[in-house]
Amino acid sequence: MWAKGDGIKLSAPASSRPPTTRPSISEHLRQRAAVTAHKGRNRVRIISQCFAGGEMKSATVCVGEDYYEVRPTDLSLLQQGRTPEWLGLEPIPENEEV
């Protein structure tokens, strides 16, 4: 059984603990808005891929509500955050099958 004065400390001294500061409400809201904006930008979904000789030759991707036929380099740039407009891509017309 432990007796008082055995030298056992249950918590660190206050001086060695990191300060517990809470971000302000405006800072918290700013961070949430930044995360929401980041999640909503330029989502690239790969719909199909065509391979020949073990290499990807083209892919059909969906960015927003538009579909694009892209080469591997364009796909990589889209996944890095470039927009289809920046790459000069034209959406696949709606009457064509994907």
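**Figure 1. Overall fold of the predicted model.** Along the sequence, the protein follows the pattern α-β-β-β-α-α. The model is predicted. The protein has three helices and three strands. It has 98 residues, of which 16% count as buried. Among contacts with a separation of 6 or more, 23% join residues 24 or more positions apart.

**Figure 2. The three-stranded sheet.** The strands form an open sheet in the order β1-β2-β3, with antiparallel pairing. Its edge strands are β1 (44–52) and β3 (66–70), each of which pairs on one side only. From one strand to the next, the twist averages 20 degrees. Strands of a sheet pair through backbone hydrogen bonds, either parallel or antiparallel.

**Figure 3. Pairing of β1 with β2.** Eight bridges link β1 and strand β2 (residues 55–63) in the antiparallel sense. Ile46 has Val61 of β2 as its bridge partner. Cys50 is bridged to Ser58 in β2. Phe51 stands opposite Met56 in β2. The hairpin of β1 and β2 has two residues between the strands. In this hairpin, Gly53 takes a positive phi near 65 degrees.

**Figure 4. Pairing of β2 with β3.** β2 and β3 run antiparallel and are joined by five bridges. Thr60 stands opposite Glu69 in β3. These two strands also form a hairpin, with two residues between them. Gly64, in the turn, has a positive phi of about 70 degrees.

Figure 5. How many of the nine residues of β2 are buried? Seven are, so β2 is largely enclosed by the rest of the structure. In a regular strand the side chains alternate between the two faces of the sheet.

**Figure 6. The largest nonpolar core.** Nine residues make up the largest nonpolar core: Met56, Ala59, Val61, Val63, Tyr68, Val70, Leu75, Leu78 and Leu89. The elements that give two or more residues to this core are β2, β3 and α2. β2 gives the most, with four residues. Leu75, one of the core residues, touches Val44, Ile46, Met56, Ala59, Val61 and Val70, leaving aside residues up to four places away in sequence.

**Figure 7. Helix α2 against the sheet.** Helix α2 spans residues 72–79. This helix lies across β1, β2 and β3 and runs at about 40 degrees to β2. Which residues of α2 are buried? They are Asp74, Leu75 and Leu78. These residues lie on the same side of α2, because they cover an arc of only 100 degrees around the axis. Their cover includes β1, β2, β3 and α3 (84–87). Just after α2, Gly81 takes a positive phi of about 115 degrees.

**Figure 8. Pro72 in helix α2.** Pro72 has its place in helix α2. Is Pro72 buried or partly exposed? It counts as partly exposed, because its relative accessibility is 34%. Pro72 touches Met56 and Lys57, not counting residues up to four places away in sequence. From Pro72 to Glu55 the C-alpha to C-alpha distance is 9.3 Å, with the two 17 residues apart in sequence.

**Figure 9. Asp74, a buried acidic residue in α2.** Asp74 lies in helix α2. It counts as buried because its relative accessibility is 9%, below the 20% cut-off. Leaving out residues up to four places away in sequence, Asp74 touches Leu87 and Leu89. Leu89 also belongs to the largest nonpolar core.

**Figure 10. Cys50 and Cys62.** Cys62 is buried, with a relative accessible area of 3%. Cys50 counts as partly exposed, at 42% relative accessibility. Cys50 has Ser58 in β2 as its bridge partner. A disulfide is a covalent bond between the sulfur atoms of two cysteines. With sulfur atoms required to lie within 2.5 Å, the count comes to zero disulfides.

Conventions. Residues are numbered from 1 along each chain as its sequence is written. This is a predicted model: local features need pLDDT of at least 70, side-chain atom pairs count only at pLDDT 80 or more; totals for chains, interfaces and linings use all residues. Side-chain values use heavy atoms; hydrogens and water are left out. Buried means under 20% relative accessible area, exposed over 50%, partly exposed in between (1.4 Å probe, protein chains only). Contact means heavy atoms within 4.5 Å. Two strands pair if DSSP finds at least two bridges between them. Axes are lines fitted to C-alpha atoms, for helices over the stretch in contact, and angles run from 0 to 180 degrees between N-to-C directions. A nonpolar core is a set of buried Ala, Val, Leu, Ile, Met, Phe, Trp, Tyr and Cys residues joined through side-chain atoms within 4.5 Å. The arc is that of the directions from the helix axis to the C-beta atoms.
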